[in-house]
Amino acid sequence: MAKESSAQETEPNWKLRAIVGLAALVLLGLLYLFGVTVIPRWWAHWVGDRVGGSLVKGTTYGLVFGSLFTLLPLAIARQALRPMDLKVRLGLVLAALMLAAPNLMTLGIVVGSGNAAHAGERILDVEGSGFRTASALGAGAALVLAGGMLVWSWRTRRPQ
């Protein structure tokens, strides 16, 4: 009888798993809707409030945000490739995604097709002059720098 109870305890509870899976899908759907309808406008207003329509400020903010929030997430994500516990690895990937959020929000405005993305584009056109272009240039420069650092570290570790 004791063997039967231990066998029952090890069987997965499919009903609970189905409920948790469904709740996770609903939560992901709500997060997606929030991300598509609220985030682009909010981010564009946030940038616009700091830039205030100044091309110099917009370019400066764009270069700093684009480069910083590309280089830091890449450096953290690179660390996740080292041998380590899965939980630590997932934590590093999550931290990298969180640090990349400003660039991802700007990218959502640029490539988005919804009303909020179009509103964000208009807001950045007026209040955030130069931010989108400078952000893309900063991200590109950070990618080139990260690639160069990766090649340099690979070449210095390689036996001669």
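Reply: Here is a short walk through the core and the aromatic rings. This is a predicted model, where local features need pLDDT of at least 70, side-chain atom pairs count only at pLDDT 80 or more, and totals for chains, interfaces and linings use all residues. Residues are numbered from 1 along each chain as its sequence is written, and side-chain values use heavy atoms, with hydrogens and water left out.

Me: Which residues make up the largest nonpolar core?

Reply: A nonpolar core is a set of buried Ala, Val, Leu, Ile, Met, Phe, Trp, Tyr and Cys residues joined through side-chain atoms within 4.5 Å; buried means under 20% relative accessible area, exposed over 50%, partly exposed in between (1.4 Å probe, protein chains only). Here the largest one has eleven residues, among them Trp 43, Val 47, Phe 65, Ile 109 and Phe 131. Helix α3 (39–51) is one of the elements giving two or more, and α3 gives the most, with four residues. Helices are DSSP runs (H or I, at least four residues), numbered from the N terminus.

Me: Is Asp 49 buried or exposed?

Reply: Asp 49 also sits in α3, yet Asp 49 is exposed, at 57% relative accessible area.

Me: How many aromatic pairs are there?

Reply: Rings of Phe, Tyr and Trp (its six-membered ring) pair if their centres lie within 6.5 Å; planes under 30 degrees apart are stacked, over 60 edge-to-face, the rest tilted. The structure holds seven pairs. Trp 42 and Trp 43 are tilted, 6.1 Å centre to centre with 40° between the planes. Trp 42 is partly exposed at 45%, whereas Trp 43 is buried at 4%.
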